[in-house]
Amino acid sequence: MSMDYIIQIGKPMLEGAQTTILLFFIAILASIPLGFMFTLMVRSAIKPLAWFANAYIYVFRGTPLLLQMLFFCFGLPVLPVIGDYLVLDRFVAACLAFALNYAAYFAEIFRGGLLAIDKGQYEASKVLGLNRFQTTTKVILPQMFRVALPAVSNESITLVKDTALLYAVAVPELLHFAYTAVNRDATIMPFFVAGVIYLLMTLVLTVFFKFLERRFKYE
Amino acid sequence: MAIIEVMQMKKSFGSLDVLKDVSFDIQKNEVIAVIGPSGSGKSTMLRSLVHLEEVNGGSIKVQDQYLVKDGAYSSQSQIKAITSRMGMVFQHFNLFPHLTVQENLGLAPKYVKKQTKEEVRKNGAALLQKVGLLDKADVYPGNLSGGQKQRVAIARALMMNPDIMLFDEPTSALDPELTGEVLAVIKQLAEEHMTMVIVTHEMSFAKEVADRIIFMDNGQVVESGTPDQIFNQPKMERTREFLNRATR
């Protein structure tokens with residue numbers, strides 16, 4: 001197996017990796033704020049909001065991401081009457097499914113972060129005269145963020161690997177080009193190359209989150 | 001003149017009556033130690049004074065303004081104005097772990113009192129000096145001992161310039177060898193005539209710094225008086241029993 005071959009198959013795979021990375025960033029940048037919004041809704045005193053958020057989390061956590069993606073790609077257009085207006089680009093539909101799905105997980109991660117905060121923190125804030133908004137932004141959220149960090153890290157690594165689901169809706173990405181090369185050249189090498197590229201991506205994330213954890217260690 | 005008046009305060013959690021008709025006064029510049037067995041309602045009583053608990057009946061008057069009158073609370077803004085004159089120190093310190101010592105002290109003055117950076121820094125340094133922790137200004141609470149944390153918590157409460165300081169078992173979470181440094185700071189405040197209510201299990205400390213002792217048991221004030229009266233000639237059988245056990 002020559003180095004030339006690896007470079008030859010590596011080029012389209014790296015191009016595919018761009019799609020992978022694009023999906024990753026779109027999904028993570030959309031799902032983290034969205035997830036946080038659902039955390040607030042679950043804790044809201046307005047009951048219908050809390051019910052909606054709980055139902056949302058239940059549905060999106062309780063069904064496969066693949067099903068959700070297929071639904072947005074191929075399910076929406078066959079809906080009666082409105083289906084014609086819901087034909088989305090397959091990559092766009094996938095981004096939508098990923099963002100909505102991961103938002104449900106992040107909502108639960110942030111909720112866990114909030115639960116981990118001692119009630120003494122709220123009491124100290126109250127006695128010092130901080131109002132609700134100040135307590136939330138200056139005392140609670142920074143601590144929630146710190147508590148949630150390892151779980152967010154874990155979730156983002158899962159997201160990198162989940163991008164391979166794009167294969168199922170025929171959006172060419174890293175795995176697609178690897179599999180094409182395996183079939184064409186009757187060699188297993190492209191799978192190894194793909195694996196290494198995934199590992200490099202998760203390595204970057206691992207290092208990045210380790211850095212954040214150290215930065216926010218508060219010691 | 002009484003700075004705090006508590007009249008027939010009642011509080012229950014579900015069917016459990018934690019405070020039954022608690023009444024007492026606190027005079028300006030007075031140091032009160034509240035003693036009594038666990039579950040006697042001491043902490044609940046103290047927490048009610050700063051509105052961390054809502055009472056179910058009775059009145060609390062602070063500096064001639066009602067926090068709650070016959071079970072009816074004043075408006076939110078009045079409650080805030082009244083409780084802002086009190087500082088509170090908790091058993092478990094409740095420092096903000098994500099902020100340095102200096103930032104812990106500065107948070108409320110900056111956002112609640114809208115003090116300038118310079119004011120906050122100056123007051124903070126002065127109070128850290130007072131509690132002997134000026135060298136820890138840039139350290140996070142996680143790197144402090146329990147005694148140091150509690151001293152920071154006291155300084156943080158003093159930053160708001162309170163008229164009254166409340167202490168909820170300030171040394172109960174500390175290793176025995178660390179209680180002394182905290183008690184010394186409280187004693188210093190007593191010498192400066194800060195009005196203080198201290199819920200404590202430290203009998204010898206109560207005897208030493210308090211002008212008056214309140215003994216609570218089973219949600220009631222059983223007896224109150226000077227340390228000499230309470231410790232040397234208690235009138236009530238329950239007080240005697242408790243002191244026999246507590247000071248043995």
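Trainee: What share of the 219 residues of chain A counts as buried?
Mentor: In chain A, 45% count as buried, where buried means under 20% relative accessible area, exposed over 50% and partly exposed in between, with a 1.4 Å probe and protein chains only. This is a predicted model, in which local features need pLDDT of at least 70 and side-chain atom pairs count only at pLDDT 80 or more, while totals for chains, interfaces and linings use all residues. Residues are numbered from 1 along each chain as its sequence is written, chains are lettered from A and ligands numbered from 1 in the order written, and side-chain values use heavy atoms, without hydrogens and water.

Trainee: How many helices and strands are there in chain A?
Mentor: Chain A has eight helices and zero strands; helices (H or I, at least four residues) and strands (E, at least two) are DSSP runs, numbered from the N terminus. The C-alpha trace of chain A spans about 70 × 55 × 20 Å along its principal axes.

Trainee: Which residues are buried in helix α3 of chain A?
Mentor: In α3 (residues 65-75), these are A:Leu65, A:Gln68, A:Met69, A:Phe72, A:Cys73 and A:Gly75. Their cover includes α2 (47-62), α4 (90-115) and α6 (132-162) of chain A.

Trainee: And A:Thr20, buried or exposed?
Mentor: A:Thr20 counts as buried, because its relative accessibility is 1%. The residue lies in helix α1 (residues 3-42) of chain A. Leaving aside residues up to four places away in sequence, A:Thr20 touches A:Val160, A:Thr163, A:Glu173, A:Leu174, A:Tyr198 and A:Met201, a contact being heavy atoms within 4.5 Å.

Trainee: Switching to chain B, what is the secondary structure?
Mentor: Chain B has nine helices and eleven strands. Its radius of gyration is 18 Å, close to the 18 Å from the globule rule for 248 residues, so chain B is as compact as a globular protein of that length. That radius is taken over C-alpha atoms, and the rule is 2.2 Å times the number of residues to the power 0.38. Of the residues of chain B, 54% count as buried.

Trainee: What area do chain A and chain B bury between them?
Mentor: About 2000 Å², with 64% of it on carbon and sulfur atoms; buried area is the accessible area (1.4 Å probe) that two parts lose on being put together, summed over both.

Trainee: Which residues of chain A lose the most area to chain B?
Mentor: A:Val127, A:Leu128 and A:Tyr218, together 33% of what that side buries.
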